[in-house]
Amino acid sequence: MKRLLWLTGMLIAWGSGSLTAQIKDNDSLAAFSLEAINWQLDSLLPCYHFQNVDTLDKTRARLNVHNFPPDSVPKWSPEVVAQRLKDIGSPIEMPYNQYVMAYINLYTLQRREQVERMLGLSELYFPIIEQELDRMGLPMELKYLPVVESALNPHAVSRVGATGLWQFMLATGRLYKLKVTSYVDERRDPEKATRAALRYLNNMYKTYGDWLLVIAAYNCGPGNVNKAIARSGGKRNFWEIREKLPRETRGYVPAFIAATYVFNYASDHNLFPKHVDFSFRRDTVHFTRAKVSLKHLAQMTETDFYTLKDLNPELKQDIIPYTGDPYVLRVPMRTGQHIAVYRDSIFSAIAQLNADSAKPAYTAGKISPVTNRPYEKPSQKPTFSSGGKGTTLVYHKVRQGEVVGKIAERYHVRASDIARWNRLRRYRIKVGQKLKIYVPKKYSNLSRKSTGASPTASAKTTAPRVKGGKYHTVKPGDTLWDIANRYDGLTVSKLKSMNQLKGNSLKVGQQLRIQ
């Protein structure tokens, strides 16, 4: 299973000064260019948005049992490190030597920022790997292999085409039943790729009976390991055949041991997780013969497009493919509930898209599966930095739970226009952020100009008030489903009953009793 060694090459190139003096000249990985290594490091940044410094400080305060100052870089003696490796208590041999120590130093001294990002990603992907390891009865420490393989990035693609968390080549992936089509690459699917990788490792253990040889074979292939064994006179210990293995693999196994150490003792080195900004708590939805883009589905369900993308990295073109077999899509918990409520409307809209893919996703008169009100095409297509003639500039203050697609629908403009007007990166917005929006004039009564506040309307209360009751004032874009989910114990049917509502239509400014 020949592949590019991501983090090992990166670390060796970075530490080409005094630290690598601990390693023999013929062990260097000069074949990896600094340019390629920097590209690998930077590849995490466009794939994930990590927490800000303030949130990291809160995590540090909670986990910093040694009370290290924020800028402290602790150093421990070789004796302490060697004892900690023993204390891990793994069936995989974890020796302390100069090669392992060099990689530990590089992780904990030179690449601290990278390690903290991977610690955050591990909270997403380790539970998936641990579940499969437990099911198959394999050593839990094998979960650290993707740290070395891909920096825990399921979107990772090496220069030679190895892909996903476990860096499968195309032929090997297909050998282990990972489907690769124009729309889907299951090598990027964290669950399916993990099962395939662990089957491979289990098969290799049946051959070698030694986990370090298995890990070496995962990197360079069993053929190269067999040659090294033969050239060493039949020796079957990694450290005894190490000089006969490819240069990349000589560093790969020590890097794995070092990654295992660092992830087990991160807090002892003042390293703490930098979390990504989405939760892996999710539901699943089955799609059969229903081709639809994730962007359209995000708009239909008021879900962040990039959350859907992060939860389903195997979708190469961000499109759910049209297949006869059910396609299982991972969605946030709230989105799964939303689809359950509006399933018929959503799938009817998808069927319409499939019937005529040349038509726009939403045309005038089509019923919105979110609001049960007609979608309307924006009458104006704004260009460049302003909305042009026939538009009015308003400001929208972002509220909790809002996404760009939902805001765009409210103002009858396109999400891409809002992103361009406000120079949004990846459609990301924050609560309290003020968005500049050029609204078609016929809809400008939704907002007050340049107030910096969320739009309001002058509609008066239409329902009699009950003494002691609590009320919700309807805002532009609110639906019964949205309001019911905003308050604990409230359902759509209960909301309609308390307010004597016969239909689903609401008026901006209307006051609804919620308790």
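Reader: At roughly what angle do the axes of helix H11 and helix H12 cross?

Author: In this predicted model, helix H11 covers residues 211–220 and helix H12 covers residues 222–231. Their axes come within 7 Å of each other. That crossing makes H11 oblique to H12, and its angle is roughly 125 degrees.

Reader: How many of the residues of H11 are buried?

Author: A residue counts as buried when its relative accessible area is under 20%. Among those of H11 that qualify are Trp211, Tyr218 and Asn219. The helix is largely enclosed by the rest of the structure, because the buried residues number ten of the ten.

Reader: Against which helices do the buried residues of H11 pack?

Author: The buried set includes Leu212, Val214 and Ile215. These buried residues of H11 pack against H8, H10, H12, helix H13 (238–241) and helix H14 (247–264).

Reader: Which aromatic cluster includes Tyr218?

Author: Tyr218 is one of the buried residues of H11. Its aromatic ring belongs to one cluster, whose members are Trp166, Tyr176, Tyr200 and Tyr218.

Reader: Are helices H6 and H7 roughly parallel or roughly perpendicular to each other?

Author: The axis of H6 (residues 98–110) comes within 5 Å of that of H7, and the two cross at roughly 90 degrees. Angles of 65 to 115 degrees fall in one class, so H6 and H7 are roughly perpendicular.

Reader: Which residues of H7 meet those of H6?

Author: H6 contributes Tyr107, Thr108, Leu109 and Gln110 to this contact. The residues they meet in H7 are Arg112, Val115 and Met118.

Reader: Why are Glu113 and Arg117 separated by about one helical turn?

Author: The side chains of Glu113 and Arg117 meet in a salt bridge, at 3.2 Å from N to O. Glu113 is partly exposed at 37% relative accessible area, whereas Arg117 is buried at 15%. The separation is about one helical turn because both residues belong to helix H7 (residues 112–136), where they are four residues apart.

Reader: How many residues apart in sequence are the parts tied together by Arg282 and Glu191?

Author: The side chains of Arg282 and Glu191 form a salt bridge with an N to O distance of 2.3 Å. Arg282 lies in strand S1 (residues 282–287) and Glu191 in helix H10 (residues 190–208), so the parts tied together are 91 residues apart.

Reader: Are Arg330 and Glu314 buried or exposed?

Author: The side chains of Arg330 and Glu314 meet in a salt bridge at 2.8 Å, N to O. Arg330 lies in strand S4 (residues 327–332), while Glu314 is in the loop between helix H16 (305–311) and strand S3 (319–320). The relative accessible area is 5% for Arg330 and 2% for Glu314. With the limit set at under 20%, Arg330 is buried and Glu314 is buried.

Reader: Which ring lies under the charged end of Arg84?

Author: The charged end of Arg84 sits 4.2 Å from the centre of an aromatic ring and over it. That ring belongs to Trp76.

Conventions
Residues are numbered from 1 along each chain as its sequence is written. This is a predicted model: local features need pLDDT of at least 70, side-chain atom pairs count only at pLDDT 80 or more; totals for chains, interfaces and linings use all residues. Side-chain values use heavy atoms; hydrogens and water are left out. A salt bridge is a side-chain nitrogen of Lys or Arg within 4 Å of a carboxyl oxygen of Asp or Glu. Buried means under 20% relative accessible area, exposed over 50%, partly exposed in between (1.4 Å probe, protein chains only). Rings of Phe, Tyr and Trp (its six-membered ring) pair if their centres lie within 6.5 Å; planes under 30 degrees apart count as stacked, over 60 as edge-to-face and the rest as tilted. A charge sits over a ring if NZ of Lys or CZ of Arg is within 6 Å of the ring centre and within 35 degrees of the ring normal. Axes are lines fitted to C-alpha atoms, for helices over the stretch in contact, and angles run from 0 to 180 degrees between N-to-C directions. Angles under 35 degrees count as roughly parallel, over 145 as roughly antiparallel, 65 to 115 as roughly perpendicular and the rest as oblique. Contact means heavy atoms within 4.5 Å.
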